[in-house]
Structures are given as structure tokens and as C-alpha cells.
Amino acid sequence: MAAVQANVTGIKANTKTSAEPVRPLANFPPSVWGDRFLSFSLDKSELDRYAIAMEKPKEDLRKLIVNPTMDSNEKLGLIYSVHRLGLTYMFLQEIESQLDKLFKEFNLQDYEQADLYTISINFQVFRHLGYKLPCDVFNKFKDVSSVTFKASITSDVRGMLGLYESAQLRIRGEKILDEAAVFTEAKLKSVVNTLEGDLAQQVTQSLKRPFHQGMPMVEARLYFSNYEKECSTYDSLLKLAKLHFKYLELQQKEELRIVSKWWKDMRFQETTPYIRDRVPEIYLWILGLYFEPRYSLARIIATKITLFLVVLDDTYDAYATIEEIRLLTDAINKWDISAMEQIPEYIRPFYKILLDEYAEIEEKMAKEGRANTVIASKQAFQDIARGYLEEAEWTNSGYVASFPEYMKNGLITSAYNIISKSALVGMGEIVSEDALAWYESHPKTLQASELISRLQDDVMTYQFERERGQSATGVDAYIKTYGVSEKEAIDALKIMIENAWKDINEGCLKPRQVSMDLLAPILNLARMIDVVYRYDDGFTFPGKTLKEYINLLFVGSLPRV
């Protein structure tokens, strides 16, 4: 960090003040990747070869999915594997056609003879794809006399694992699934060290992070590794999964190269060396929102805007004085190059690049009649600057907000709004005026994901922020407002997060207010918050989960095709 510190000193000299202000430097760890991803070179013909090679197994798999002679449980098992491998988008029409038929034929009595594993797979398939299969299918595994789960299911580890994963899809009021989540987690933890082979890997991974709360791309790769038997049942499924992984890897490495080069060309590490240098991590975060090939432009745009956000956040939080924050916020509100004269010299390059990049994106989108999405993103950027200023004013005055007051501003500063709206910019025709209006109406599903984004972050970072003397987090605000202990505050916030997940699950069930294509980034942003903040502050200190994921997707080798 010595080099960074030296550069910061150089910046301070440019502020032209007689006495240097005291700055809240965070001394963030440097990037562990350097320029590693700049050297990738995409062979377009290789990408095309994989696209062509996918056609045959894709067609074979399509025929299997619609095969009218296949047993319904076998078909649901196939669809489950297709979904876990991230292939649903290729067969959505065919899958929904099959599930529509099977859902209409649903009869609780048909499940009387089925085992726990089969019922769990069926339940997950329907719920993941938006069909509200009743949780009553699990009633038969409860002991009527003791009102607990039957002891006999504890010997069925695969079944318990399936029930544990099913419980992650619960909505409010589904008491049996609330109980199942607690019961199966405890039982699986008690036996995991006695297991061997694939089952040991499957249980370990699920306890670490259930599929429903994981990053889709990574979960697909882990499923391929940990569920070899299920992936090998159908030759077409195995071939398509391998080819699909390879195609996505090439496309995504090229996107990462593009944003890495853009970041280097913008020279942010020279002009604002106090910021977190996290290009691969931010790209990974955005990749978590949507991995489908058609959203390539959307990922590049959203990554750039989110990187702007990192510069803004770290400037407000880890460098600027309160006077400088006020000036910069005012300039962002004005959104005009003439305002550059009023802001400190060190942040002027960032301000100009911000305005120029947004203008370029807006011009490009305007040609397609989609400038409204860029405007919405820009307004969200201005909102978060004002929110950051509010936090800075609280810190400056030593004020600890009440919990409701904190949450009102905290939902803005969670960055959820700016990231989710920026994710819409390059998505194309699906983001209609009605779809954008739905987003702007702040629906319950979006509110729930936003709450997770704020509170999951707070639960993991409050000690670090407290040590740095930064603004109080939701944990501090809750303690102050309700007069509880730190542990009680954290437990209360975790219950709020759990209920928010239930609301997201309900919002993804049919009939939906908007298409799942628009709901997916909302669901996936909540998932990425869980990925980044479940065990630590994985963004500020990306030495664990995010490093593992980047290695898995962009560094490690794929299975041979």
C-alpha cells in the first residue's frame, strides 16, 4: 500500500489548500488480479464453432423435454437438471408447456407413494419456474402425534437435502417449510462429516450456500461437478452443458477484457488511487444478474456504471472532506460540465468521464428509442450521491439516525436502485415503458431485494465501519432505536432478511406482474448480495468467495468437450 499512499499524497498537493485536511483513508487492499485479464484474445471463429456445435445436442434435448411417453417424475428430474445447469433459457417455451400440463394434472394423492427426494425435486422444479405447488406435499413426512418431522427421514440424506433446498423457496405462512429449513439444516450438519463421495460434496455445498441463494453461473458449474450421475443420464444434456460452459467462458472473458481495458484507459487508479480496484469483482457481480449471451452489451454497460459507483462511494467514504462531498454532490445534481470548476481538482477527471460515458450510452440507446432507461439510471446515480451526502452529514455531526430514518436513506445508499436500473439499460426490447414504470412503482419484490442488499451488507460490515469511525450502520441504528443488545439487533435484522427472501419468492410465482426476464435481475441481485456478504465483506476484502468464483469462471480449466 506504500505506492498508493504516495499517490494519495500527490493528490493532496493538488488541492491547493494551506493546510491539508484530515482524510478518512481506508487503505483498501489492492487488486489481486492486476492486468491479468487484459491479455485475453477472443477468436471469434472459435466462439462460432461452439455455437454451431451446440445445435445438435440442443435439438436432441428439446425432443426429450417434450417426449410424451416419458414418466412425469423422470421428466421433472430432467427439467431440474436443465435448470440447475443454467440451460432453461434455451427451452423456456417447451419447459413451460410441459409444466403447464403437469401442474393442471396435479393431485395431492399422487404423491402419497412418492419418496422425499422425488417430491423435493418436483417441488423445486415447479417453484423455480413460477408454479405454486402447495407445500402440503410434505405433510406426510410430519409425525401427527409429535408435530415434528418423522425420525425415519433422517436416514434419507438425499431426501433431507432435497427438503432443505425446497425450504429455501418458501413464502410467508408456509410453516411446514419454516420448520423444514431448521430441521434439515441441523440434521445435515450432524451427518455431513460422515458422508463420502458426491453426496458429501452436495451436502457441504448446499449447507455453505443453498442453490436458490447462489450465483447462477457458479451454481451451474458446481452442479456439473457435484452431480455427475444426474448430468450423465442423458448424453445430449452432458454435451450441451460442456459446450455451453465453453461458449460462455469465451464470451465472458472477452467482456471482462473490454471493461478491464476501459478501466485502465480511464486511469482511475492514477487519478483516484484511494479507491478499491475491483474490476473483475464488479464484472462478476453484474454477471450474477444475467449470464445469457444476449445480455452481453447490458453486462458491459452495467459494469461500467457500477465501477463509477465504486469511485463515488470510496471518494465520499474514504477520501473527501465534508465540504468536498457537498460540492461534488451539487455538481452531480447539476449534471453539467460547467459544474466541474466548483469541485476539487483530484475528482474532475472522474466527473468528466462520468458525464461523457453517460452521454455516449444515452446517444446509443436513443437510436433504439431506449434513452429512458439511461435517464432512469442517471437519476438513480444522482439519488445515491444525495444519499451518500446524507450519511456523510450524519458522520460529520456524530448523529446516529433512528432505524426507520436510517432505512429510508439506507435503501438508497445500498446501491440497489442504481445497479438494478443500470442493469436494464442494455437489455433491449423487453424493457418497455410499462416495464420501466413497474420498476419506478417500487413493487414489493423490488423492496424486498433492496432490503436484503442493505441489511446483509450492514450485518457483515458494521464492525469495520465502526472501527473507521464512519457512519452508523443499520445495526447501530437498530440498537439505538429499540434499546436492544448487539446480538438482538443482528438477530432481528436476519429475520427481516429471511422474510424479504419469502417476499421475493412469492413475487416470482405466477401470475407475475412482469416477465421473469425482468424479475431475474431483482432475484439475482439479492443472490449476489448473499454471495458477497454472507460470510464476510467479500467486496472490500475479496480474498475468499469472489476470488474462488473468479478463478472458477475465468482462470481454471473447463471439462474437455
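Trainee: Into which domains is the protein divided?
Mentor: Keep in mind that this is a predicted model. The domain bounds come from an automatic or database assignment. Here the protein is divided into domain 1, residues 60–237, and domain 2, residues 267–555. Their C-alpha centres lie 32 Å apart. The contact between them takes 27 residues from domain 1 and 31 residues from domain 2.

Trainee: What does UniProt list for residues 32–207?
Mentor: An unreviewed UniProt entry lists them as "domain: Terpene synthase N-terminal". An annotation of this kind may be inferred rather than shown by experiment. In the model, the chain over residues 32–207 is 57% helix and 2% strand, and the C-alpha atoms at its ends are 28 Å apart.

Trainee: How many helices and strands does the protein have?
Mentor: There are 25 helices and 2 strands.

Trainee: What does the radius of gyration say about the protein?
Mentor: It is compared with the value for a compact globule. For 561 residues that value would be near 24 Å, and the protein has 25 Å, which agrees. The C-alpha atoms fill a box of roughly 80 × 60 × 45 Å along the principal axes.

Trainee: How much of the protein counts as buried?
Mentor: A residue is buried when its relative accessible area is under 20%. Of the 561 residues, 58% count as buried. The protein exposes about 23,500 Å², and carbon and sulfur atoms supply 51% of that area.

Trainee: Is glutamate 281 buried or exposed?
Mentor: Glutamate 281 has a relative accessible area of 1%, so it is buried. It is found in helix α13, residues 279–287. Not counting residues up to four places away in sequence, glutamate 281 touches Trp33, Phe539, Pro542, Leu546 and Ile550.

Trainee: What joins the side chains of glutamate 281 and tryptophan 33?
Mentor: A polar contact of 3.0 Å joins them.

Trainee: Where is the place of threonine 88?
Mentor: Threonine 88 is in the loop between α3 (72–84) and α4 (92–104). Threonine 88 is buried because its relative accessible area is 11%. Its side chain makes a polar contact of 2.8 Å with that of histidine 83. Ile95 and Leu129 are among the residues in contact with threonine 88, its neighbours within four places in sequence being left aside.

Trainee: Which residues of helix α18 are buried?
Mentor: In α18, residues 403–413, the buried ones include Phe403, Tyr406 and Met407. Asn409, Gly410 and Thr413 are buried too. Just after α18, alanine 415 takes a positive phi of about 80°.

Trainee: What is phi in tryptophan 335 and histidine 442?
Mentor: In tryptophan 335, a residue other than glycine, phi is positive, near 50°. Tryptophan 335 lies in the loop between α15 (322–334) and α16 (348–366), and it counts as buried because its relative accessibility is 14%. Histidine 442 has a positive phi near 60°. It is in the loop between α20 (433–440) and α21 (444–467). With a relative accessible area of 31%, histidine 442 is partly exposed.

Trainee: Which peptide bond is cis?
Mentor: Omega is the angle to read here. The bond from lysine 510 to proline 511 is cis, with omega near -5°. Proline 511 lies in the loop between α23 (486–507) and α24 (516–533).

Definitions and conventions
Residues numbered from 1 in each chain as written. Predicted model: local features only at pLDDT ≥ 70, side-chain atom pairs only at ≥ 80, totals over all residues. Heavy atoms only, no water. Helix = DSSP H or I, 4+ residues; strand = E, 2+ residues; numbered from the N terminus. Buried < 20%, exposed > 50% of the residue type's maximum accessible area, 1.4 Å probe, protein only. Contact = heavy atoms within 4.5 Å. Polar contact = N/O pair within 3.5 Å; in protein donor to acceptor, adjacent residues only side chain to side chain. Rg over C-alpha atoms; globule rule 2.2 N^0.38 Å. Areas by Shrake-Rupley, 256 points an atom, 1.4 Å probe, with all protein chains shown as cover.
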